Every structure is written in C-alpha cells, then in structure tokens.
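Please study the protein chain displayed below before reading further.

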Amino acid sequence: MRPGRTGNDATISISMQFSFLKSQLLLVLGSEEQKNTELFSSSKDKRFSTYPEGEIGSSKRRARGPVMAAKKASEGVKQDEGKYKHTVDLPKTSFGMRANSLVREPELQKLWDENQVFKRVVERNDGESFVLHDGPPYANGDLHMGHALNKILKDIINRYKSLDRDARKDLTPIKLREKAAKFAKSTVKTQMASFKRYGIWADWSNPYLTLDPEYEASQYPEGHVSKSIYAIFKLVSASPSLGSSIDEFLPNLCLAIWTTTPWTVPANAAVAVNGKLQYAIVEVDPLLGDASQSEGDKKRRLGDAVKGEKKPFLIVALDLVPALQAKWGLNLSVKKVLLGSDLENCRYAHPIEKRECSVVIGGDYITTESGTGLVHTAPGHGQEDYATGLKYGLPILSPVGDDGKFTEEAGQFSGLDVLGDGNTAVVDYLNEHLALVMEEPYQHKYPYDWRTKKPTIFRATEQWFASVEGFKEAAMEAIGHVKWIPPQAENRISSMTSVRSDWCISRQRIWGVPIPVFYHKDTKEPLMNEETINHIKSIIAKKGSDAWWYMKVEDLLPDRYRDEASNYEKGTDTMDVWFDSGSSWAAVLGKRDGLHFPADLYLEGTDQHRGWFQSSLLTSIATKGRAPYKSVITHGFVLDEKGFKMSKSQGNVVDPYTVIEGGKNQKEAPGYGADVLRLWVSSVDYTGDVMIGPQVLRQMSDIYRKLRGTLRYLLGNLHDWRADDSVSYNDLPRIDRHALFQLENVVRNIKESYENYQFFKIFQIIQRFVIVDLSNFYFDVAKDRLYVGGTSSFTRRSCQTVLATHLLSFSRVIAPILPHLAEDVWQNLPFPYTWEDGSPARFVFDARWPPSNEEWLSLSQEEVDFWGNILELRTEVNKVLEIARGGKLIGSSLDAKVSLYTSDENLASRLHEMCMAAKEADNLHRIFITSQASSSNCFILPAFTVKYAWVFKE
C-alpha cells in the first residue's frame, strides 16, 4: 500500500476493441491497488520502423530518483544525500552535446590535412578506381549556394566511394594574359579555401587548371586533320535597316523601311518583306501640319525627302498606313495594293553605295506591330538578317572594326564611332540625299554589356567552326548508352544535341588557348595542318599557351615553313570556353595516373545539358568515338524557402559562408557549421529545384542535434567497454538480436541508397532509425540494464555489445554526409578499433564501410513478426499508462503491473515465454518498464465502449 492511501483500493476500467493479428486482446493494468485498464485499438504499422508517426514512447515513465541523484552529483549539483551515486553506472564521455562547429570543424579539417587522411584513403584503395570528374569552374567570384549544393553532392559520393573505395589599352597581349591568369589563380585559391571549409575532400594540392601548359596542349586532339574544322562567315550582331525599291511608279517609287540602328545602313544588302502581308503603294500629299513639333517633341524632325514639291511614292504595309500617316503628319493615299510575295526580286538602288540590291522574302519576324512592314536587311549585323542572307546568297558586309568604329570598307564614314558621330553622319547623309522621311528618338529595349553598362553592337566576323554533322548520329547513339539521373535528363540532352548546328569554337579574346593558325599576309589563306598543329602543341606543352603571343612566327612554324615565315602572321583568336572545358576529359582522365577514361560519373546543374555535358560529349565522340562518362547526374537550382529565385535586390540570398560561420548578428544568423549545411543537401531531392532558408536551417540543426545526442549516448555508455567484453551473438538476449537485425537492414538500405545516389532516402532512414527505433525504444529499455544492471553483469555487457556495434556502424554510414561529426565521434571512441592485422584505424575513413553480417539477418520471419507485434503492443501499453498517470492512479510506470489476455493461443504462449524469459532483458515487464507483466488466453471480446467504474472496499 502506497503512503498516504486509505485501505480502500480504487479500480478504473477503460475498455475498447483492439484488433491484433485477427484476434482480440485484453490488457489489464494493475498496481498494488489493482488498477485495471483494457487496451484500445491500433492499426499495425507494416513499415520497417517500429513506431507509427506521433506514437512514440517516453522514458519519463520510469522512476528516476536514484539515477537523477547520481546524475546531478556527477554534474556537480549539491545533493542532500549522495548514497546512490556510486551505485549507478552513468554515461561518461568527453564528446560534448554541443557541436561547437565553428571551432571543432576547422580542428578536424586540420587533423585530416596534417595526417594526409585523403591521401591515405586513396593509397589504401586496392580495388577498382571510381572517377567522378569535376567540371572546370569559372574563376569569376565567391561561391554561392549553388556551388555548395554541387560540391557537397560530389563529396558525399566521393567519401562514400572512399569508404567502399580599362588599363587594357596600354596592355600588351602577354601582359593582359598575365593579369587574367593572376585573377583566375587568385579566384581558384579563394574558392578552394571555401570548398575546404565545407568539408570537401579532394586532391587540393594537385588540382587541374585549364591554364596549365599540359592541359592547354591537350586541346589539340590526337589524329587531327585540317578538314575537321573550317572558317566561314557567321552572325555576331543584329540590326534593322532602311532601303528603297522600284515599281511601275518608277522612277519615284521607294521602299520605306524603319531602323533603330542607322549605322548599319552602309552594310545593307536587301530589304525583306513578309510574303503573306499586303503592301500598299501610297502617294504622299502635302503636309497636314508641322509633325516635328507635334506633342511638344523638339527632337522629332521630318526629312528633306518629303519637304519638297516633288514627293515620292512609298511602299508600306497596308495595315500600317493609318499609323504612319499619324506619325509623319502626312496624308498617305493608297494607289495600289499587292502581296509581299509580289515584291520579291524587285531591285532598288542602295541609298549610300548606289549599287543594286534585291527585295527578298523574310521570315515571321516581319510583322505589322511597328515600323513599315519592310525590314532593312544587313546580314553582317543581325541573326535573322544573317539567316535570310544565307538563303539568298547575299553579301555579308560588316564594315566595323574591333574598336567599334567604321573601317575603310565604309568609305566616307571610316574612323567614325558607329554608336556616336558615325550614327549621326549616316542620318545626315541620308537626309542630304533625300532618303530620310523622319528622324525621332525611340525608347526601346536594347542589349547592354553587363560589365561596362554600355550598349553592344552586333557584327559578323570570320570564325572557326567544328562540323558536328559528321558525328551527330554517333553522339545521339552514345547518349543512349549513358545512365542519366534523373532519367528524363536523357530526353533533354538528346533534344539539344539533335538540333545542334556547327560549333563555333573561336573567340576574340586575349586570354584562353589560341587557335594555332597562320594567315598569309596577302591572300589571307589560313595555314593549319597536322604538322603545324603538332609542332605548336609540343611548344605549348613545355612553355604554356603564352608562347603563342611572345614567340616569333618563324619559331612557331615547323622547319620546312621557316623560310616562308615572313609571309605569314599569327591568328589572334582563342578557343571557345566550352571547347576548353569540354576537353577536360582528354587533359585529365587520359593523362593522370590512377584515373581512367571514360569517367564513372559527371555531376553538374541541369543547365549543363547545353553546356559542359554536351561539349564534353561532342569532343569525346569526335576523337574517341564514345561518351566521356558512364553516368551523369543533374541537380536543380537553389531557391529560397518560399520557392523564389535568390536575388540580392530581393534580400533573399542565403550565403553558404554565413550558414557555416554565421553573420554579423549571431542571434539572427547563427553559424551552423558545415555539417548542418551538408545535412540539408542530403535531405533534399536534388533532381529538382531545392529550397533553403532560416526555417529550413533551424529544422536541420534540430535534427543534427538529435543525431549528435544519440551518438553521445552510445559513447557515454561504452566508457568502460572493451572488445574482450563482447558477448557472442548466440548468447545475446532476443531483444539484442532483434536490434542487430534492424541495424543490419538499416546499413544495407543506406548502402543501396548511396549506390543509387538517393541521399534523401538516407536522411529519412537515419532520422527515423535514430529517433524511433533507437532513442524511443532500445535506448529507453536499455537504461536500466546500463545504469543499474551491474557494471560487469551479463545484461550490461550484452547491451554494450549491441551499442558498440551500433556506434561503429552508425559513425561510418553517416561519414560521407556528416564527416566532421563522424570523425569527432571516432576521435572520442572509448576503445580502439583495429584491423585484422592489429593495426588501429585512427580515423573514421580508415575504417571503411561496415562489413555485411548474414548471421544478424538470420532471424526467422516469425521472430521478426513477433517483435513487430511486441513493439506495437508496447505503444498501446504506453497509451494506457499515460491515461492512468493522467488520472493520478500511478506515478511512474513502475507502479503498474500489466496483464495481457488474448484469444490467440500461439500469441499467448509466446507472450508467456517473454514473461518468464531466462534472460532478464527479454522479460516483458522490462520492455514495458513496469513492475510486472503477465499473459494468458481468454474468450473473444465484443466491441467495447469506454467506461469508467470505481469500486470501494474495506
């Protein structure tokens, strides 16, 4: 009888129907006062984990007096009595609950560096190598969250496999290249330091750089023949133009065009019309008013062409006549209507050059939304114009130099800035020669250079191209032999590759790898063949690509061309950056020891289907006949936690450095450390766009803290355990064998997810296993065995055997994702971990992946199902205990006795065995954490309703 109670016993009865293995189960809860409660229903959870969501037991049911007293004493809390503190084996470990990541993670990284752990892991690998080829980064600034996602994904894979195995005007080209190289190397160094802080493992002392001489030389592929690349005219810029034509109204009939780039008129080659539109020949009548002063616009002016007594007939789109009449302030009388197709092949006099040009049919870009419906076409200054020029064989004129000024080809305009006085000069010339109808300012969108914030000009220049047609079919076939993750990525790169035109591989920049071509000074014919390429390749391999700029032509040419050197000059074009980076497989995979071609894996953002994935594919197919990779993984973009694109102007940018180190205000922006950032990467389905923000990071931090708490529990309860204390598998209690069965399944499922690159599944498995299966069941039940079971007792040592196995396995399986946490655990192991030869595994990545244990999986299905029932039953018992505690019928769960009744004789028998188990850890009351537990079979129960009954007796 408990103190303070009368001699009366109180009985409460709560009963409901409980479906359990197609039988009825009755549970009676009793204490010294015979409290009774019948178990209520719960659906069986068939998932691997033993608890349904939200139905998790708690250790608060246990009487905690002696344990808490000893714990407080160990923490330095003064106690009135200390008589129990020496009788309890409490956890002891120097592994802190707080990660202190801002200090501890750099310490661990220093530990790895000083002991060359990455090198040790690589050298220890005696199996096949796995090559994850990292794409060359753009050395263009600090890292952002997209870099973090990309590099951490790569590092998770890598670590898992390691376990499993203006001043420019005054600059000469060579000085400019030196500055470019210095900037690139500086940025690479900065980015490298950031990547290291993320915990990324790589051979940082030996990175490959695209400006290394050996790399540069590799871009001239083996077996090159000159016909594999060739030079043609191609579009660089686009603009509209003004033109005229003749008709039956000759000689006074003109084509009216509209352009916002008058400077392109000298390059005019045609006037394009839409063959499906109707056009009108209009007569221009006297002025209705002074259009130049309309609407207060002082800058608008009419041209001299419509101010004289003799006015021309004009051809414009019929639908635009009313708008043009209002715009010009002139009366336009329609004299004749004709289709655009009727105008094709009419010829007109060029307004400046006085040569004849043709009217051509353009594309759908010619509309009646603005302008006159006729488009001045200059193939050397516009993409659409260029396409039309190819169709009709038009001359491609681009009389503009690299300095943005007219060249001698532009005649009287030579030397004028096309966007300044050159533009004005063209307009004035047209007006003086009665070719101008109106001039006015026009506000519209126009491309600007994002760095200088100045308008761009478009011009066609001679370029080098690599023909894709000769191996496009082979490239398409090779795509089908690559494993694409996610699978839909194959459709994306296939569609892009199938429509790929010739590849422009030349760029007009000083930095980069030069195209090794010489031009005859008089004929401009290029000199480039296998002999010249091989000679230059050998020079660059020794001296680097700067040699092209500082060496003389005679030194760059092979011996048999030296006598002709004075007739040649060097080309100044460099390789396209995508050709540059797309050759990385040749410069790295085929050159470095320990690597192989093709790579096992490429991993980049989804935008690289058009970029690095494709350029690497095309260069490899062209020279090797196969793809440079076996598998390709693509990831999405990083958005804020509301799903919006990150932007500095929006203030929603999440900086990975701030996530790791914290912001200026540590309360608002605390530093979480690299592992929390890595945990976030593992938690998301990277095949689509992913989100991150303060709330997400707080959630990750909470989960990380729970993981760390679990590991601390394991470390603390193994402070006095050594390998010699292990209990053999066959001698372990049933609950321990079931725990090892669960662990082996978890390790295998995690390994499968690593192999399939499904890291979010690993995150889910670990989270559920730690929180549910371990913390809320096994650890809860094990505390009595560990704390008061006796220091060297069998029940404690058997439990420690299981805990040690969990600690060693768990620290290794999380290491690819959380390397700092895993290493911190390993450095705090209370016992040594050694190889079969007796040598110690000093670092977690020395230990390799946990070996498979078939014996742990030998548990019969009947036993597995039975433990599933026991764990489900425990959840229901906990519910009843909570009800009793809420009614103040009991204090702790140890005040209660649990009696179980079932109509299933087999189940009743097995439950009875658990009640009488020889090994105390298997006893049912130990699993329920009650004072007693019993079981027997009974009649089939009907469906019950909840009822309460109080009985008083002497």
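Is Arg 104 buried, partly exposed or exposed? Arg 104 is partly exposed, because its relative accessible area is 25%; buried means under 20% relative accessible area, exposed means over 50%, and partly exposed lies in between, with a 1.4 Å probe and protein chains only. This is a predicted model, in which local features need pLDDT of at least 70 and side-chain atom pairs count only at pLDDT 80 or more, while totals for chains, interfaces and linings use all residues. Residues are numbered from 1 along each chain as its sequence is written, and side-chain values use heavy atoms, with hydrogens and water left out.

Arg 104 forms a salt bridge with Glu 107, and their closest N and O atoms are 3.2 Å apart. A salt bridge here is a side-chain nitrogen of Lys or Arg within 4 Å of a carboxyl oxygen of Asp or Glu. Both residues belong to helix H2 (residues 101-114), where three residues, about one turn of the helix, separate them. Glu 107 is partly exposed as well, at 41% relative accessibility.

Consider next the chain as a whole. The protein chain contains 27 helices and 28 strands; helices (H or I, at least four residues) and strands (E, at least two) are DSSP runs, numbered from the N terminus. Of its 954 residues, 51% are buried. The chain exposes about 45,600 Å², and carbon and sulfur atoms supply 50% of this area, as calculated by the Shrake-Rupley method with a 1.4 Å probe, where for residues only the protein chains shown count as cover.

One part of this architecture is an open sheet of four strands, with parallel pairing and the order S3-S23-S24-S16. Its edge strands are S3 (132-133) and S16, each of which pairs on one side only. Two strands pair if DSSP finds at least two bridges between them. S23 and S24 (residues 629-635) run parallel and are joined by six bridges; Leu 603 has Ile 633 in S24 as its bridge partner.

Asp 600 lies in S23 and Lys 630 in S24, so the pair ties together parts that are 30 residues apart in sequence. Asp 600 is buried at 13% relative accessible area, whereas Lys 630 is partly exposed at 40%. The loop between S23 and helix H17 (612-624) holds Gly 611, which is buried, with a relative accessible area of 5%.

The structure holds 35 salt bridges. One of them joins Glu 863 to Arg 910, with the closest N and O atoms 2.7 Å apart. Glu 863 is in helix H25 (residues 861-886) and Arg 910 in helix H26 (residues 905-915), so this pair connects parts 47 residues apart in sequence. Both residues are buried.

Finally, the backbone deserves attention. Most residues other than glycine have a negative phi, and most peptide bonds are trans. The peptide bond from Ile 485 to Pro 486, however, is cis, with omega near 0 degrees, and Pro 486 sits in the loop between strand S16 (483-485) and helix H11 (489-498). The bond from Phe 597 to Pro 598 is likewise cis; Pro 598 lies in the loop between helix H16 (584-589) and strand S23 (599-605). Tyr 757 is not a glycine, yet has a positive phi of about 60 degrees. Tyr 757 is buried, at 8% relative accessibility.
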